[in-house]
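Student: I would like to go through the labels attached to a protein model and ask what each one rests on.
Tutor: Then let us take the structure and set each value against its definition.

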Amino acid sequence: MIYTITLNPAIDNVIQIKDKLISGHNNRIVKKSSDVGGKGTHVSIALTLLDEPNICTGITGAGNYEQLQKLLREYNVEGHFQTVQGEKVRQNYVLTDTSGSSSYMITEYGSPISRSSVDALFARELADVTEKDYAVVSGNPSLKTDIEDFRYFLGRLKQTKAKIIADVSGKFLKEMLKLDLFLIKPNEFEFSEIIGEDVHEPLTCYNAYKQHADLLKNVAHVGISMGCRGSILISGGQAYSFEIAKVHTVNDTGSGDAYLSGMIYGLVNGFPPAKVGALAASVGAAKAEMDRSSGFKPERVQELVPHIKYEEINH
Ligand code: TA6
């Protein structure tokens with residue numbers, strides 16, 4: 001079973017304005033919608049759309065939880081979160097425009113995780129996790145979280161012996177790299193931050209990966225996404241770079257989470273690396289065509305896969 005663990009989920013208030021956002025001007029709203037926010041929740045939505053069974057869990061506030069549940073159920077996902085009384089699901093804001101350029105994310109900090117909520121999560125929602133399962137820690141806990149409490153969470157997770165997938169950044173990713181990990185999927189900026197140098201092209205990222213092999217020796221599979229410059233996947237001694245699919249971007253929020261979901265689906269189902277990366281790129285692109293933060297048309301994914309250009313780079 002695949003468990004997605006979101007330690008700081010959100011409700012995304014998606015606002016689409018006409019043309020580009022101009023400061024000092026009255027930017028008219030064309031469309032408003034609410035959607036599921038937070039990264040692990042998006043992975044559960046994507047895996048469900050790919051017909052891959054999964055359990056959507058994590059820690060969140062009890063306030064607004066029913067609204068989050070309602071939004072998840074629109075994608076046939078049932079949330080199994082450990083809720084904390086006196087706290088609420090944070091509200092994020094995603095601004096997009098009709099020009100198809102990138103979106104703006106305006107996010108609340110949310111509430112820090114506590115050891116008591118971690119213990120409750122492992123006593124209930126994660127009680128049955130074993131070494132046969134996958135645990136996807138996707139999305140950082142609130143930046144207000146004490147790193148010792150995150151370390152405590154990781155210690156509990158390590159005890160389950162599950163195969164761990166990490167899509168976190170900064171100090172949280174540095175902590176997770178101390179564990180044996182099944183997969184990480186930083187973007188170019190998150191990868192640059194952990195290796196301490198700026199890399200933004202597929203081959204420079206791959207060379208940097210080789211130069212920092214010691215830092216990443218505990219990670220079985222490494223994906224690095226680079227926006228319009230595509231992505232690379234290093235897996236099973238092979239390395240490939242993938243171009244992005246040529247699609248009309250409506251809202252790129254959540255595309256990274258969708259990309260990760262395609263990678264997870266491919267790896268869990270034993271696909272060869274080239275097929276894993278092509279599927280991941282197709283899911284990420286299919287998401288970008290949608291106006292909300294999550295979801296995509298599965299049939300679009302299948303249409304895009306054969307057109308993803310890729311090449312082997314570990315010469
Ligand atoms: O990756 C997309 C997304 O999860 C949005 O839904 C929005 O909620 C934002 O990222 C949250 O990012 P954060 O890093 O604050 O968890």
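Predicted model: local features only at pLDDT ≥ 70, side-chain atom pairs only at ≥ 80, totals over all residues.

Student: Why is Asp 35 called buried?
Tutor: Buried means under 20% relative accessible area, exposed over 50%, and partly exposed in between, with a 1.4 Å probe and protein chains only. Asp 35 has a relative accessible area of 0%, so Asp 35 is buried.

Student: What makes Arg 292 and Asp 35 a salt bridge?
Tutor: The term requires a side-chain nitrogen of Lys or Arg within 4 Å of a carboxyl oxygen of Asp or Glu. The N to O distance here is 3.4 Å, and the side chains meet in a salt bridge. Asp 35 lies in strand β3 and Arg 292 in the loop between α9 and α10, so the pair ties together parts that are 257 residues apart in sequence. Helices (H or I, at least four residues) and strands (E, at least two) are DSSP runs, numbered from the N terminus. Arg 292, at 21% relative accessibility, counts as partly exposed.

Student: How do you know that Lys 31 and Asp 291 form a salt bridge?
Tutor: Their N to O distance is 2.2 Å, and the cut-off is 4 Å, so the pair qualifies. The pair links distant parts of the chain, 260 residues apart, with Lys 31 in strand β3 and Asp 291 in the loop between α9 (273-288) and α10 (298-304). Lys 31 is partly exposed because its relative accessibility is 40%; Asp 291 is also partly exposed, at 24%.

Student: Where do Arg 73 and Glu 66 stand?
Tutor: Their side chains meet in a salt bridge at 3.9 Å, N to O. Glu 66 is exposed, with a relative accessible area of 52%, while Arg 73 counts as partly exposed at 39%. In total, the structure holds 17 salt bridges.

Student: Why is helix α1 called mostly covered?
Tutor: Of the 11 residues in α1 (residues 39-49), 8 are buried. Among them are His 42, Val 43 and Leu 47.

Student: What makes a space a cavity?
Tutor: On a 1 Å grid over the protein atoms alone, a cavity is a set of points where a 1.4 Å probe fits but cannot get out; lining residues have an atom within 4 Å of a point. The search finds 3 cavities of 30 Å³ or more. The largest cavity has a volume of about 80 Å³ and is lined by 14 residues. About 50 Å³ lies in the second largest cavity, whose lining includes Lys 31 and Asp 291.

Student: Which residues form the nonpolar surface patch?
Tutor: Leu 21, Tyr 93, Tyr 104 and Ile 106 form it, with about 370 Å² of accessible area together. Patch residues have over 30% relative accessible area and no salt bridge; like charges are joined within 9 Å, nonpolar side chains (Val, Leu, Ile, Met, Phe, Trp, Tyr) within 5 Å. Areas come from the Shrake-Rupley method with a 1.4 Å probe. Tyr 104, at 42% relative accessibility, counts as partly exposed.

Note on methods. Residues numbered from 1 in each chain as written. Heavy atoms only, no water. 1 Å grid on protein atoms, 1.4 Å probe; cavity = no way out; pocket = protein on both sides within 12 Å on 5 of 7 lines; lining within 4 Å. Points joined across faces, edges and corners; volume = space filled by probe spheres on them.
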